[in-house]
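Please look over the sequence and the model shown here before reading on. The report that follows takes up a few parts of the structure one after another.

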Amino acid sequence: MRFSYLEGKKNGKANKKDGDAVKGRGKMIEKQHGIVSFTICRPARRNAIDYAVMDELEQALTLVEQDDEAKVLVITGEGEEAFCAGGDLQVFHQLKTKEEAHAMLAKMGNILYRLLTLSKPTVALINGTAIGGGCELATACDFRFARAGARLGFVQANLAITTGWGGATMLFEKMPYDQALNILLRAKTMTAEEAEHIGFVHRVFPDSLRERCEKELREYTNKSTAVLRAYKEAAVARWKTEQFRQRFFAEIERCAYLWESEEHDQAVQSFLTKRNK
């Protein structure tokens with residue numbers, strides 16, 4: 001029986017059964033063996049994030065928090081080409097002012113902050129290219145598993161902006177300072193193997209990503225949900241301080257300021273022109 005988390009949510013809890021799935025325009029949520037998979041289903045847009053995907057990811061986070069049978073959240077993209085191409089430029093390039101940009105950036109920033117501090121383990125299953133905001137999404141997860149040969153890059157600086165969803169703040173928390181700063185300033189892509197070498201990616205799989213991911217996570221999913229929550233809450237306590245939150249959301253403010261610059265507008269126009277040729 002196919003059954004939506006939302007349809008099955010009663011008395012504040014989700015009662016979605018193992019193996020069920022719900023598919024929408026921008027996502028698919030499945031639960032199997034304690035692993036909840038959230039798939040961005042926009043392959044024609046290289047799984048770029050728009051407002052609908054934001055809303056659906058936020059719903060998924062709420063549902064994972066409420067479902068005691070959900071032990072690990074895995075986020076991936078549909079198809080083999082892209083994990084996530086970041087924000088959908090065709091949608092977000094219409095935002096011209098600092099205020100317009102900030103509303104969008106803060107919306108996704110709040111979602112990634114929730115993902116960062118989720119009380120269950122999280123995995124970015126990088127099935128293909130992860131660019132810009134796609135790397136920010138992956139950074140918010142506890143673990144990053146990637147397909148061999150996939151390319152990843154914090155390329156925001158090439159568009160005359162910074163990371164705007166909290167990605168830099170999270171990266172500085174999770175990697176050595178010099179390596180994180182080098183990645184951000186160079187704004188180049190690297191292979192999954194190179195990313196594993198510097199510690200950004202934790203596992204590289206040659207094929208059968210979902211199966212290998214599930215196998216890798218079995219030693220987590222055979223533990224009680226209470227234990228998983230307890231360890232995650234201990235881990236994320238340092239990111240729930242007011243000082244960290246100020247750093248995280250100050251990054252969003254800085255990006256919004258740069259967003260309305262002529263330099264950023266020209267860089268995006270040039271990128272879109274090249275891509276559409």
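Which residues of H9 are buried? In this predicted model, the buried residues of H9 are Thr 225, Leu 228, Arg 229, Lys 232 and Val 236.

## The faces of helix H9

Viewed down the axis of H9, these buried residues fall within an arc of 95°, so they line one face of the helix. An α-helix has 3.6 residues a turn, so residues three or four places apart point the same way. The face of H9 turned away from the buried side carries Ala 226, Tyr 231 and Ala 234, which are exposed.

The cover over the buried residues of H9 includes helix H1 (51-66), H3 and helix H8 (209-221).

## Helix H10 and its cover

In H10, the buried residues are Phe 244, Phe 248, Phe 249, Glu 251, Ile 252, Cys 255, Ala 256 and Trp 259. They fall within an arc of 135° when seen down the axis of H10, so they line one face of this helix. On the other side of H10, the exposed residues are Glu 242, Gln 243, Gln 246 and Tyr 257.

The buried residues of H10 are covered by parts of the protein that include H2, H3, H4, helix H5 (167-174) and H11. The 18 residues of H10 should span 26 Å at 1.5 Å a residue, and this agrees with the 26 Å between its end C-alpha atoms.

## The largest pocket

The largest pocket holds about 670 Å³ of space, and its lining is made up of 36 residues, of which Ala 85, Gly 87, Leu 89, Ile 131 and Leu 159 lie nearest its centre. By type, the lining residues divide into 18 nonpolar, twelve polar and six charged.

Which elements supply at least two residues each to this lining? They are helix H2 (89-92), helix H3 (98-116), strand S9 (129-131), helix H4 (133-140), helix H10 (242-259) and helix H11 (262-275). The largest share, seven residues, comes from H11, a helix that is also included in the cover over the buried residues of H10.

Thr 189 lies in the loop between helix H6 (177-186) and strand S12 (190-191), and its relative accessibility of 32% makes it partly exposed. Leaving aside residues up to four places away in sequence, Thr 189 touches Ile 131, Arg 151, Leu 152, Gly 153 and Val 155; one of these, Ile 131, is also among the residues nearest the centre of the largest pocket. The C-alpha atoms of Thr 189 and Ala 130 are separated by 8.9 Å, although the two residues are 59 residues apart along the chain.

Ala 157 is placed in the loop between strand S11 (151-153) and H5, where it counts as partly exposed at 42% relative accessibility. Lys 31, by contrast, is found in strand S4 (residues 27-32) and is buried, at 0% relative accessibility; its C-alpha atom is separated by 9.1 Å from that of Glu 69, 38 residues apart from it along the chain.

## Positive phi angles

Arg 46, in the loop between strand S5 (35-40) and H1, has a phi near 55°, a positive value in a residue other than glycine. Arg 46 is partly exposed, with a relative accessible area of 37%.

Ser 208 also has a positive phi as a residue other than glycine, here near 45°, and lies in the loop between strand S13 (203-205) and H8. With a relative accessible area of 41%, Ser 208 is partly exposed.

## The protein as a whole

The protein contains eleven helices and 13 strands, and of its 277 residues 52% are buried. Among its contacts between residues at least 6 apart in sequence, 72% join residues at least 24 apart.

Note on methods: Residues are numbered from 1 along each chain as its sequence is written. This is a predicted model: local features need pLDDT of at least 70, side-chain atom pairs count only at pLDDT 80 or more; totals for chains, interfaces and linings use all residues. Side-chain values use heavy atoms; hydrogens and water are left out. On a 1 Å grid over the protein atoms alone, a cavity is a set of points where a 1.4 Å probe fits but cannot get out, and a pocket is an open set with protein on both sides within 12 Å along at least five of seven lines; lining residues have an atom within 4 Å of a point. Grid points are joined across faces, edges and corners, and a volume is the space filled by probe spheres set on the points. Helices (H or I, at least four residues) and strands (E, at least two) are DSSP runs, numbered from the N terminus. Ala, Val, Leu, Ile, Met, Phe, Trp, Tyr, Cys and Pro count as nonpolar, Asp, Glu, Lys and Arg as charged, and the others, Gly among them, as polar. Buried means under 20% relative accessible area, exposed over 50%, partly exposed in between (1.4 Å probe, protein chains only). The arc is that of the directions from the helix axis to the C-beta atoms. Contact means heavy atoms within 4.5 Å. The expected span of a helix is 1.5 Å times one less than its number of residues.
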